[in-house]
Amino acid sequence: MKPAVQVPNAKSGSSRLYLDDWHFPEPTRIGPTTFFWGTRTFVMGILNLSPDSFSGDAVGGGPTAAVEAAVSLFEAGADVIDVGGESTRPGSRGVSTEVEAERVVPAIAAIATALPHVPLSVDTTKPEVAERAIAAGAHMVNDISGLANAQMREVVARRKVVASVMHMQGTPRTMQENPQYENVLKEVSLALRASLDAAVHAGIDRRNLMADPGFGFGKTTSHNLTLIAHARALRALQVPILMGLSRKRFLGEVAEIAVARERVVASAIAVAIPAFQGTVDMVRVHDVRATKEALAIADAVARAQ
């Protein structure tokens, strides 16, 4: 699937269709599954084990409840399940390594046993948590700090797992206090490229890397909308693009929806736009079923072009 794009015709002033000159990234193997980018937009389901959640979707009850939640995500259509135990909402202070590990490692071990055919990701910035989660059955590390920690890069390289590097201005505690950019698209792109280059320099196979522009992480509503509108520029990174738009505050501001749980439709529309444009490969979401429906339409229309 290669999206067509509307551009002005210099002679007639009308529009014509042309195909972008970039190609989708090479396939990526995440655990038991090989993802062929460009065939459709894939879905990462969020399994949140932190009680301090902006979206009100925390799963309590230990590994048994985590397995039940994972099964529900898989049955709804999730291609990857992302397990996290530390809140990264604006203003959050974080938790200790031991607390985070106690939340996610037994859950991942239980899910890996119950759903051995499903790729699992651990959402963490801590190398020790990543190491233990991978040993328990995780196939991927989703790191909002962009693999900023050299020890984390070493863990990913040695374990030969997939990793997503994300852009964030500041830290979760401070990131939304006053985010500023001269050119948000350029600065995010350059920062992601630097993170990817550092990861490759540390011995991580570039084919095992994904990039995430970090919607809502040190960005205003205007910054987020600009990144969605011009996400095609991120294709220059030549790695699969992961986007986390689900239930984000800026969607609530645009659609005037104060409660995060009620942003299901807004979230589905938000992911359908880059899916139609061919500028995203995987989306990280809370509401898997609604997302799958929106993506099915967006991907079908993109193919029809």
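Me: Which residues of α1 and α2 meet?
Reply: Contact here means heavy atoms within 4.5 Å. Helices are DSSP runs of H or I, at least four residues, numbered from the N terminus. On the α1 side the residues are Pro63, Ala66, Val67 and Ala70, and on the α2 side they are Pro106, Ala107, Ala110, Ile111 and Ala114.

Me: How does that contact divide by class?
Reply: Ala, Val, Leu, Ile, Met, Phe, Trp, Tyr, Cys and Pro count as nonpolar; Asp, Glu, Lys and Arg as charged; the others, Gly among them, as polar. The contact of α1 with α2 has no polar and no charged residues; the nonpolar count is 9.

Me: What can be trusted in a predicted model like this, and how is it numbered?
Reply: Residues count from 1 along each chain as its sequence is written. The model is predicted, so local features need pLDDT of at least 70, side-chain atom pairs count only at pLDDT 80 or more, totals for chains, interfaces and linings use all residues, and side-chain values use heavy atoms, without hydrogens and water.

Me: Is α1 parallel or oblique to α2?
Reply: Axes are lines fitted to C-alpha atoms over the stretch in contact, and angles run from 0 to 180 degrees between N-to-C directions. α1 (residues 62–76) and α2 pack at about 50 degrees, axes 8 Å apart. Under 35 degrees counts as roughly parallel, over 145 as roughly antiparallel, 65 to 115 as roughly perpendicular, the rest as oblique. So α1 to α2 is oblique.

Me: How are α2 and α3 oriented to each other?
Reply: α2 spans residues 97–114 and α3 residues 127–136. Their angle is about 15 degrees, with axes 8 Å apart. They are therefore roughly parallel.

Me: How many residues of the contact of α2 with α3 are charged?
Reply: The α2 side includes Glu98 and Glu100, and the α3 side includes Glu128 and Arg132. The contact also has 9 nonpolar residues and 1 polar. The charged count is 4.

Me: How are α3 and α4 oriented to each other?
Reply: α4 covers residues 150–159. α3 and α4 pack at about 20 degrees, with axes 8 Å apart. They are therefore roughly parallel.

Notes:
Helices (H or I, at least four residues) and strands (E, at least two) are DSSP runs, numbered from the N terminus.
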